[in-house]
Amino acid sequence: MPRGKVLAFVIAVVGVVGAALIAYVMLAGQQAQPQRSAIPPDSDLVTILLRTTVVAVHQANITGNYTVLHDLAAPAFREKSNTADLALAFAPLRQQKLDLTPVVLLEPNFTQKPAIDGQNTLRLVGTLQSKPVPVAYELAFQTVSGSWRWSAIAIRSAPQAAAPPAPAPPPSAAVQDRSAER
Amino acid sequence: MRMWPRRRGRGGCAPAVVIAALLSVIVVPAGAQQQARPAIQNEGDKQLIAVLLRTTLIALHQANVTGNYTILRDLASPTFQQRNTAADLALVFAPLRRQNIDLAPAALLQPQFAQAPVIDQGNMLRMSGTLSTKPVGVDFDLAFQFVSGSWRLSGISIARAKAPGGR
């Protein structure tokens, strides 16, 4: 594998700050701001990827068995991490006993328009209005042999997301909004 | 073709025998011989049924694509776990795996129930019906047992839909 593509496994689980919790598992090479393409992914595909991945995290959390979640990941991720790493990364989320299953009923609420970036990575960023605590998520997927495999997962409780969010603007509009505030 | 989790030591069962194997993992509490009753009484019940169906089929799908049936087993009731190893489940679902039936769309498809979900005489939650997956639909028949405050899988059957095109 080229050195430039060597991916590092980063676990940054921040403890509880108020009611907030972050479980963060990501490939370090994907942390840079992506270059968004104009190609929107299929909406059904996006919904399926979001729901099945969040369900996989939930089922891993309630059983303490992270082997399937690990098996579903992109090969580069699996090579750099093991199931114990995942169990450690998601320990705070697991201890909070958040029920993520409503994801299969709720319409996705993306705070950024799903997009495939210049590195062919599909990113899903949004919130889930679960009860009693909403959660925010950020997922990344890479195509492997014709199917999308997860390469990064970040899920955290997000009490601030309880209010109905405004329609998510496209990424470029969001940048424009931030610029206008300065 | 119907596939049910089998009991250890029982293989190649005819459907009726396999159904008996399923029933054998159902625990019927003493004195629970009341009539079957509708499982959906309100909107909350309806959502619970949808969550159980979708999350179970997602677990099965992910087991099929990874070949790892440990989560599916871990999610099941204790009795089911005692009678079925992960290897048993891998064997039972091998035909489904070989057919490459993609169950991932279960995450968004609306099921067509063959009959309204019920809580049967053994306090088992039963639901059966069809999902119009592509290219072929699938028939499902699931049973759940209430254990320590949550419904746990106690029986599962997935097969190509009998109706042409999977309805």
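This report describes a predicted model containing chains A and B.

## Confidence in chain A

The mean pLDDT of chain A is 76, and 65% of its residues score at least 70. Among the elements of this chain, helix 2 (residues 67-71) of chain A has the highest mean, 98, while helix 6 (residues 171-181) of chain A has the lowest, 28.

Two stretches of chain A stay under 50 in pLDDT. One covers residues 26-36 of chain A, for which the model has 27 contacts beyond four places in sequence. The other covers residues 163-182 of chain A, with 14 contacts beyond four places in sequence. Where pLDDT is low, predicted coordinates should not be read in detail.

## Strands 4, 5 and 6 of chain A

Strand 5 (121-128) of chain A pairs with strand 4 (residues 109-116) of chain A in the antiparallel sense, over five bridges. Within this pairing, A:Gln112 stands opposite A:Val125 of strand 5. The two strands form a hairpin with four residues between them, and A:Asn120 in the turn has a positive phi of about 65°.

Strand 5 of chain A is also joined to strand 6 of chain A, by eight antiparallel bridges. Here A:Leu128 stands opposite A:Val135 of strand 6. These two strands likewise form a hairpin, with six residues between them. The loop between strand 5 and strand 6 (135-144) of chain A holds A:Pro132, and the peptide bond joining A:Lys131 to A:Pro132 is cis, with omega about 0°. Strand 5 of chain A is largely enclosed by the rest of the structure, because seven of its eight residues are buried.

## The nonpolar core

The largest nonpolar core has 76 residues, and those with the most contacts inside it are A:Val57, A:Leu139, A:Trp150 and B:Leu72. Helix 1 (residues 43-63) of chain A gives the largest share of this core, nine residues.

Leaving aside residues up to four places away in sequence, A:Leu139 touches A:Leu50, A:Thr53, A:Leu124, A:Trp150, A:Ala152 and A:Ile153. One of these partners, A:Trp150, is itself listed with A:Leu139 among the residues with the most contacts inside the core.

## Architecture of chain B

Chain B has six helices and five strands. From the N terminus on, the order of its elements is α-β-α-α-α-α-α-β-β-β-β. Of its 167 residues, 39% count as buried. Among contacts in chain B with a separation of 6 or more, 60% are between residues 24 or more positions apart.

The five strands form an open sheet with antiparallel pairing, in the order 1-2-3-4-5. Its edge strands are strand 1 (37-38) and strand 5 (150-160) of chain B, each of which pairs on one side only. Strand 5 of chain B is joined to strand 4 (residues 138-147) of chain B by 10 antiparallel bridges, and B:Phe146 stands opposite B:Trp151 of strand 5. Helix 2 (residues 43-66) of chain B lies across strand 2 (112-119), strand 3 (124-131), strand 4 and strand 5 of chain B, and runs at about 60° to strand 5.

## Backbone features in the loops of chain B

Most residues other than glycine have a negative phi, and most peptide bonds are trans. In the loop between strand 2 and strand 3 of chain B lies B:Asn123, whose phi is positive, near 60°. B:Asn123 counts as partly exposed because 18 C-beta neighbours lie inside 10 Å.

The loop between strand 4 and strand 5 of chain B contains B:Ser148, which has a positive phi of about 50° although it is not a glycine. B:Ser148 is exposed, with 7 other C-beta atoms within 10 Å. In the loop between strand 3 and strand 4 of chain B lies B:Pro135, and the peptide bond from B:Lys134 to B:Pro135 is cis, with omega near 0°.

## The interface between the chains

In the model, 19 residues of chain B are in contact with 17 residues of chain A. On the chain B side, the elements that give two or more residues are helix 2 and helix 3 (70-75) of chain B. Helix 2 of chain B provides the largest share of that side, 10 residues. The residues on the side of chain B that touches chain A divide into 11 nonpolar, six polar and two charged.

Conventions: Residues are numbered from 1 along each chain as its sequence is written. Chains are lettered from A and ligands numbered from 1 in the order in which they are written. This is a predicted model: local features need pLDDT of at least 70, side-chain atom pairs count only at pLDDT 80 or more; totals for chains, interfaces and linings use all residues. Two strands pair if DSSP finds at least two bridges between them. Two residues are in contact if their C-beta atoms, placed from the backbone, lie within 7 Å. Axes are lines fitted to C-alpha atoms, for helices over the stretch in contact, and angles run from 0 to 180 degrees between N-to-C directions. Ala, Val, Leu, Ile, Met, Phe, Trp, Tyr, Cys and Pro count as nonpolar, Asp, Glu, Lys and Arg as charged, and the others, Gly among them, as polar. A residue is buried if 20 or more other C-beta atoms lie within 10 Å of its own, exposed if 12 or fewer, and partly exposed in between; C-beta atoms are placed from the backbone. pLDDT is the predictor's confidence in each residue, from 0 to 100. A nonpolar core is a set of buried Ala, Val, Leu, Ile, Met, Phe, Trp, Tyr and Cys residues joined through C-beta atoms within 7 Å.
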